[in-house]
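Hello,

Here is the structure I said I would pass on. Please open it first, then read the notes below alongside it.

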Amino acid sequence: MHGQPRKPPKPEDEAASAAKAEKLRNLQSQFLCFHHNNIYSKEALEVNAKLLEINPEYYTAWNYRKLAVEHRLTQSESDPDSDSDSVNSILNVELKVVESALRQNFKSYGAWHHRKWVLSKGQSSLDHELRLLDRFQKADSRNFHAWNYRRFVASLLNISEVDELQYTTDMINKNFSNYSAWHNRSVLLSNLLKKKAQGFFPKEKVLNEEYELVHQALFTDPDDQSGWFYHLWLLEQTVKADAPLLVSSWPAHDSNLILLGGSCLEDSALSPFNTFHSELGTIPLVVFFNKAVEGVNSSTISVESVLNTKGELTWKPLSTNNSQTAQVWVTYLNYPDIKLHSSEFYPVEVSVGHTQGIISSSGFHYSHPSRFAFKVFVRPFEKDLAGHGVEMVSWREDNFLLYESHSQDSNPILSLDQLNIKDDHEESSSEWRAETIANEIALFRELLSEINCKIGKLTLARLLIAHDTMLSPIANKMVHSEEVIELYSDLMKLDSPHSQYYKDERSSVLLQQITSNRETLLRYCFRHGDRTSSILGNSICLRLNNLSLSRMGSIEKLLWVQMLDLSHNELRSIEGLEAMQLLSCLNLSNNKLSSFTALGPLRLLKSLKVLDISCNEIGSHSIDTTRYLCSSPLSHAEEIDWSPDETVTGDVNLTNYWEAFLIFKDLNLTQLDIVGNAIADEKFKSFLAKIVPTLKWLDGQELQLH
């Protein structure tokens, strides 16, 4: 049992254990001899059966039995005197061996898998299987192996999902603490709701009944976690739309985008929220969905514009792995080929999902065709006659001034809710969601007034977030954010082993609060003192520093950001930043980044010029265990254009630095700060200077051109 201290064995127990080990070694030696010589005799199978009875986890022994069965079935087929009874007898022996092994350990993966394999032959009677399952589930009603096998048998017997759902009800009524029954119930209900089976539509009616059932479990024994996990699943079904939706884009709907080329000198008349400077000659077009989707291409998203002059656009998933499924997708429009002093606006109209093909990873189609439009204007500019070079960007506090908004500024917080086509059922469903969440909040406030329950506080926090998220487009603020942050702070103290999870959730809520409306966001927007920089241009800096952030969130509301300060936080990864395609300056100093693999999203930021990763923990940990199975770029989980020929570039040896090489090799950085990391010695700095040829400033020192 878990949590019980080990006791020293008695002498007689040690003797018995030694005798068992000796027997096991003898059986294993005999078995391996038979296996290596492809001997499938009766004697060999008996030795194998004895071995599996003692050690049901011996996968090689189970695989040997499969080979033996196939061998004997082949012999039976070639025997003219053979009949179906002889085949059944071969398979029945296997079922008996499995039962014997399961009596020793009824949680043996190998045994259950072998039983499935035997039944899949289609020759065995299934009548006995449900009776066997009843015996095992009486011994342990929460055994997930047995529940998994039950789903397999039910499909073979064509038992309806409705009948199986009733079985879970019976098991839960016998014991509210049956986590496996609750889990099986969620699997069955998901299928029935997705198919809109008779009696399981509308979804609201079904979920109301499920809430009543789970309330009985939660209020009977608040300390048991089984019902709480099911309540979390119900909450997800309540607040999350099945079909994917477009939630954000850049450029934003109805915006006027001003493109700045060449040298971007200061112009206070331009709003920093809708100006963009790029030396790449392209404009990123970003679409952000509420869930990961595939099928985004020129057929499912059409772009009407004179900027699209080179045929079909290619859409790319902004994902740090090699998946073709992503929440965020990008394509690139070309700068208009116009005269230098043109003052014409170029309209761009984007239609999403007017032809089918966009589909979520859970199999739901994008079913709400929508459109957004914006205008592009290329501002006339003077050539850089003053001879401005690439100046160093300083992140010092005295270089930033709080941004004072002007009436001509566009709103950086824009929602695409108005683009979604809603039917009458959706409107009533939205009302039901709000009412249901409000009722749940009231119930759990009452429960927590009587007991101090950690998972109850966590559930209340999730409910309050769901409530604010649903109402935020209307209320334009997070009503309960302060209360939720306080709940997570309490949980960090009450449940220290899971404090990192609560920190992450707190960070997510804080970012939702900051980005919930224009007024709140502007408190974090600053002008940089050097507005003549060719890198900074007219952009402002979003300063989210010193907030104790442990992860990023609300990225869909930050697609417009070109300069971002995340210094002096507790970030261990920067997952999500890959969506911020406009980023040219990024400060990640004084965080808890422990390896270059944590910087993976940077590879997708093609506009990035200035990067500060100083004073982190890079190089302090010799092995990055989060993503690699072996120390080789070929084992990398991410999609990387890597060639063995790149192992040595000139006189640069990548043996110790290949992780850094994979991150920096395609970036066009002009400024990099890495001081304060364990890896940042002179040898590594020399390596960086060679693999990033565009680099001019390294740790505040100007590099000499070679």
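**Aromatic pairs**

Tyr40 and Tyr64 are both buried. This is a predicted model. The two rings form a tilted aromatic pair, with 5.4 Å from centre to centre and 40 degrees between the planes. Tyr40 belongs to the loop between α1 and α2, while Tyr64 is in helix α3, so the pair ties together parts that lie 24 residues apart in sequence.

Phe596 and Phe684 make another tilted pair, with ring centres 5.6 Å apart and planes at 35 degrees. Phe596 is in the loop between β15 and β16 and Phe684 is in helix α18, so this pair links parts 88 residues apart in sequence. Both Phe596 and Phe684 are buried.

In total the structure holds 25 aromatic pairs. Ring pairs also join Phe106, Trp112, Phe136, Tyr149 and Phe152 into a cluster.

The charged end of Arg150 sits over the ring of Tyr167, 3.5 Å from its centre. Arg543 lies over the face of Phe400, 4.2 Å from the ring centre.

**Helix α2**

Helix α2 covers residues 42-54. At 1.5 Å a residue its 13 residues should span 18 Å, and the end C-alpha atoms are 19 Å apart, which agrees. Its buried residues are Ala44, Leu45, Val47, Asn48, Leu51, Leu52 and Ile54. An α-helix has 3.6 residues a turn, so residues three or four places apart point the same way. Among the elements that cover the buried residues of α2 are α1, α3 and α4.

**The sheets**

Nine strands form an open sheet with mixed pairing, in the order β11-β12-β13-β14-β15-β16-β19-β20-β21. β11 and β21 stand at its edges with a single partner strand each, so one side of each has no neighbour in the sheet. Within this sheet, β19 and β20 pair in the parallel sense over two bridges. Gln671 has Trp697 in β20 as its bridge partner.

An open sheet of five strands runs β3-β2-β10-β8-β5, again with mixed pairing. Its edge strands, β3 and β5, each pair on one side only. On average, neighbouring strands of this sheet are turned by 25 degrees against each other, direction ignored. Strands β2 and β10 run parallel and are joined by five bridges. Leu259 stands opposite Val378 in β10.

**A loop residue**

Leaving aside neighbours within four places in sequence, Asn545 is in contact with Asp565, Leu566, Ser567 and Asn569.

Regards

Notes
Residues numbered from 1 in each chain as written. Predicted model: local features only at pLDDT ≥ 70, side-chain atom pairs only at ≥ 80, totals over all residues. Heavy atoms only, no water. Pairing = 2+ DSSP bridges. Helix = DSSP H or I, 4+ residues; strand = E, 2+ residues; numbered from the N terminus. Axes fitted to C-alpha atoms, helices over the stretch in contact; angles between N-to-C directions. Contact = heavy atoms within 4.5 Å. Expected span 1.5 Å × (residues − 1). Buried < 20%, exposed > 50% of the residue type's maximum accessible area, 1.4 Å probe, protein only. Phe/Tyr/Trp six-rings, centres within 6.5 Å; stacked < 30°, edge-to-face > 60°. Lys NZ or Arg CZ within 6 Å of the ring centre and 35° of its normal.
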